[in-house]
Amino acid sequence: MTTADPTAGVARRPVVSGRRLTDAVSHAYIWTILVLFILPFVALLGFSLTSRPGGSGPVANYRYVVDTFGDNLLWSLKISGLTLLINVLVSLPAGYAIVRHTFPGKRTLFSALTLPLYVPGAVIGISLVLTYNFTYHLTTSMWGLVLAMALGTFPLMLTPIVVALKDLPVIFEEAAACLGATRWQTYRRIVLPLIGPGLSAGLLLCFIIVFNEYLVTLFVHPPGLTTAPLRVFNQIRTAGLDPATAALAVTMQLISLAAVLLFFRLFGTRHLKGTYLL
Amino acid sequence: MTSTTRSIAPLRPGPIPALRAGISAGRLRTFGLLLPAILLVLLFLYYPLVFIVQMSFTQGSSFLSPTGAITTVANYTLIASRYLPNLLVTLQLALLATIVDLVFGFPFAYILVRKVHYRTAVRALMVFPMFGALYIAFGMRFILLPGGPATPILQALGIASTDALFSLPSVVFAMSIFTFPFMVLNIGTALGNVDPTLEEAAACLGARPWQTFRRILVPLTRAGTVAGALTVFGWSIGTFAEPLLLGSANEQRALAWTVYQRGVVQTDYGLSTAMGVVLLGVAFVVTYLSLRYSRGALVE
Amino acid sequence: MSTVRLASLTKHYGATVAVHEFDLDVADGEFVTLLGPSGCGKTTTLRMIAGLVDPTGGRVWFDDQDVTFLPPRARNIGFVFQTPALFPHLSVASNVGFGLSVKGSKKPAIAERVETMLAMVGLTGYGARMPAQLSGGQQQRVALARVLATDPRVLLFDEPLSALDRNLRDSLKYAIRDLQRRTAKTAIYVTHDQSEAFAISDRIVVMNAGRVEQIGSQTDIYLRPRTGFVAEFIGANNALPGTVSGLEAGIPATDDAPGEHRFVVTIGELAVHCRSSQPVAVGDAVVAYLRPEDLVVLDDDAADYPNVVVGEIERVIFEGPTAQLRVRVAGRELRVDVGGSRRLSLSEGRGRVRLGFDAPTVIPADMAAPPPSPDEVAA
């Protein structure tokens, strides 16, 4: 009564394999979230291409950006540039001392130097605006803003430099020293070129943050000096939503994106380890 | 034991073995290299913080008055009473944003680390949120405008668009987008350090995915996850673009904005610095815990 | 081009003594090797000579100049590291010319010198390549060219071959020696590899745990070790602890160094005729060292040796050119190396064997390494 069924015991392949399903869901999940990331940007882009009341079309919006907001953009670039310069000048020697020199309390010092990252922006803002007003009398110079930006972002320059220096074997500097190079020659000709990528990662990170910064800027900017992000913020609060403001926001993001892509092009994505950028 | 010729009296001794001098020259150089950084941080962070702590114990703008400052603790008691809702709203928003980031970020990081091979594209897109919470808030405000692009979808879901726009969920949503990449980075690094064969081993031993997650992955990535959560929380308590642009009156009481209002606009220095100190205190507690969990320093 | 003198050179790291009062005189143009196991202080010593490490005590002289605290760049040395340490972002030519360019030499002069150096190491035409494009051996040769380009007065080598394959090591070590001879530079070389040290040195300094065990030529060290460490570290050796039981003017052997004298040592139940250049007294505890190749398997009635013992063969290991025997003699297991036709006849495992040997050197027990237990065998 039991003729053996030849297919009994052979597992049937499911129509949709479990693994493939999970893979599909996984990818869908990632892409959904990524879409959410760029959704605000895309929305603003779309908005910026609509007509303003009284204006005449998308291009006019961007021309408006250049005309009216051009100053703000220039200020943003200028402030960013100066901040980067200060950060580099401060971080390179400090990073070298931290990695190559021995001294007590190194870990404490490093924590103390990276602390600005953990202080809420509003606190930095209020403390600096009051100090500038009552102690340093730095309220009318752009350097007040620059130094505030430098303070907030210099840990982001310091960390990639420290990481890059740690990854650089000491043997190169020893070899250079034995070949007759002075400390400065070794630094300039061997160390700096070899930590270039790490240094650039720091530059990129700081640029992006400072270029788009509005919060601390709101507190400490000298009168008459409005950076582009601050202008966006003020515009929204006073004039409401306007395509030209959107155009400015889009421009800022495009410039930032260009900087990121340039970095990826030049250096790949490896050098951002240890920073807050991937 | 040696068979060398014993050295004769040394000829013309060289410079004094001033090992001490060598050490101090080295120390001086170290200090010189560190000086700019130390100065920057001392002058623009630590002193100002001390300054505002001082000021927080004065009344209003009496700091400036010719008769001298009036010392008081009233600012703090005021915060504990009248401004308590502000503080609570701030904490609430930050907490919710952190939870959202954790819940959605962990799977994201997991998939990214274990399964995805087009990392560069992902990385390129993940930079967008980091350009600033401002643009996120701005973009979302536009999207959620009554009559804007999202209105049809919201109506289909039965939500009035005014409800969606100025509300807690949209603020939290915007905040979590901004901090999402940081959370993913922290978790991703921790996950990257977990050997994938551990998960395979668990599966072979019969564990189902949830069990593997709870009993293997969570304990092993705890340091990175906690570090990420605390970083996100710390950043979230200090923001005001999202609450301001997307929130109702309730959310707009976020402490960071109140600091600005009271401090810069209304020159009530005493109160605003007290608020700042409270924010700072919360941030420090959070940071302390975060550093303890994340094996802090890159320095040996 | 320069003599090197170390006077009581010492290095302490906290409570650890890395190098203890090292004295050494190196003649101009001499090739001296520091030989020893890992952690013996040889690299630390070399780095102190280079100026990469500050000594805790003592002095370093190049000719009559005290260089003890001069930084490396002021000492005019050439240091070859264990890894080539070529600057990855510079071409081979720029690497080789680096030492000259930091001193401000003019480009044409540098280029010419680089050519000469590359030719000297057999890498003409490689100037435009990047270090990553070269093999390990080629990189090390570029490293050689790089240090020679500055015409240093002392060459220092820190185990330059240990990262390379065996066959490469052989050819490169002779290349190093040739270059050193040709340029007539004083060289101090560090290695843990005995055959390397023996192949290319004028003199060898054997080090252990921060101290100098013995300084001498290859034959000195091999045939006349002064401490137990040297006896056991260099080549294989059987260690036999015993007591001096009688002094004698015995049968002279042909390889006695001047000043050596003979005496009898009781080892277990054996009375062994030994020799030493150090004075000994009856009752002294000593250790006799017998090299495996010095133990000769004898036919039954031969008696050409001052010492003849009988032992039980426990194991025969055929190695190809030689066979290793493990023979139990007087309660100890000895290693005997046998070559020629005997190794074939013995591989069938004969039970008992007669061994003859000349008077072995002897080291006072307090200078010997702790003797192996009777069951341990020489390395």
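**Ground rules.** I number residues from 1 along each chain as its sequence is written, with chains lettered from A and ligands numbered from 1 in the order in which they are written. In this predicted model, local features need pLDDT of at least 70 and side-chain atom pairs count only at pLDDT 80 or more, while totals for chains, interfaces and linings use all residues.

**Chain A.** I looked up the secondary structure and found 10 helices and 0 strands. Helices (H or I, at least four residues) and strands (E, at least two) are DSSP runs, numbered from the N terminus. Of the 278 residues of chain A, 47% count as buried. Buried means 20 or more other C-beta atoms within 10 Å of the residue's own; exposed means 12 or fewer, and partly exposed lies in between, with C-beta atoms placed from the backbone. I then checked contacts, which need C-beta atoms, placed from the backbone, within 7 Å. Among chain A contacts with a separation of 6 or more, 80% join residues 24 or more positions apart.

**Chain B against chain A.** Here 70 residues of chain B are in contact with 76 residues of chain A. Elements giving two or more residues to the chain B side include α1 (19–56), α3 (84–114) and α14 (269–293) of chain B. α1(B) gives the most, with 15 residues. By class, this side of chain B has 55 nonpolar, 12 polar and 3 charged residues. Ala, Val, Leu, Ile, Met, Phe, Trp, Tyr, Cys and Pro count as nonpolar, Asp, Glu, Lys and Arg as charged, and the others, Gly among them, as polar.

**Largest nonpolar core.** I take a nonpolar core as a set of buried Ala, Val, Leu, Ile, Met, Phe, Trp, Tyr and Cys residues joined through C-beta atoms within 7 Å. The largest one has 270 residues, and Ala174(B), Ile188(C) and Ala288(C) touch the most other members. Helix α5 (residues 142–167) of chain A supplies the largest share, 16 residues. The core lies between domain 1 (2–50) and domain 2 (82–298) of chain B, because both give residues to it. Those bounds come from an automatic or database domain assignment. Leaving aside neighbours within four places in sequence, Ala174(B) is in contact with Ala133(B), Ile136(B), Ala137(B), Met140(B), Glu242(B) and Leu246(B).

**Six-strand sheet, chain C.** I traced an open sheet of 6 strands in the order β6-β7-β8-β3-β9-β10 (chain C), with mixed pairing. Strands pair if DSSP finds at least two bridges between them. β6 (77–80) and β10 (211–216) of chain C are the edge strands. β7 (residues 154–158) of chain C pairs in the parallel sense with β6(C) over 4 bridges and with β8 (residues 186–191) of chain C over 5 bridges. Phe79(C) stands opposite Leu156(C), and Asp158(C) stands opposite Val190(C). 5 of the 5 residues of β7(C) are buried, so β7(C) is largely enclosed by the rest of the structure. Val154(C), Leu156(C) and Asp158(C) point one way from β7(C), and Leu155(C) and Phe157(C) the other way.

**Four-strand sheet, chain C.** This open sheet runs β2-β1-β4-β5 (chain C) with antiparallel pairing. β1 (residues 4–13) of chain C meets β2(C) over 7 bridges, and Leu6(C) stands opposite Leu24(C).

Conventions: Two residues are in contact if their C-beta atoms, placed from the backbone, lie within 7 Å.
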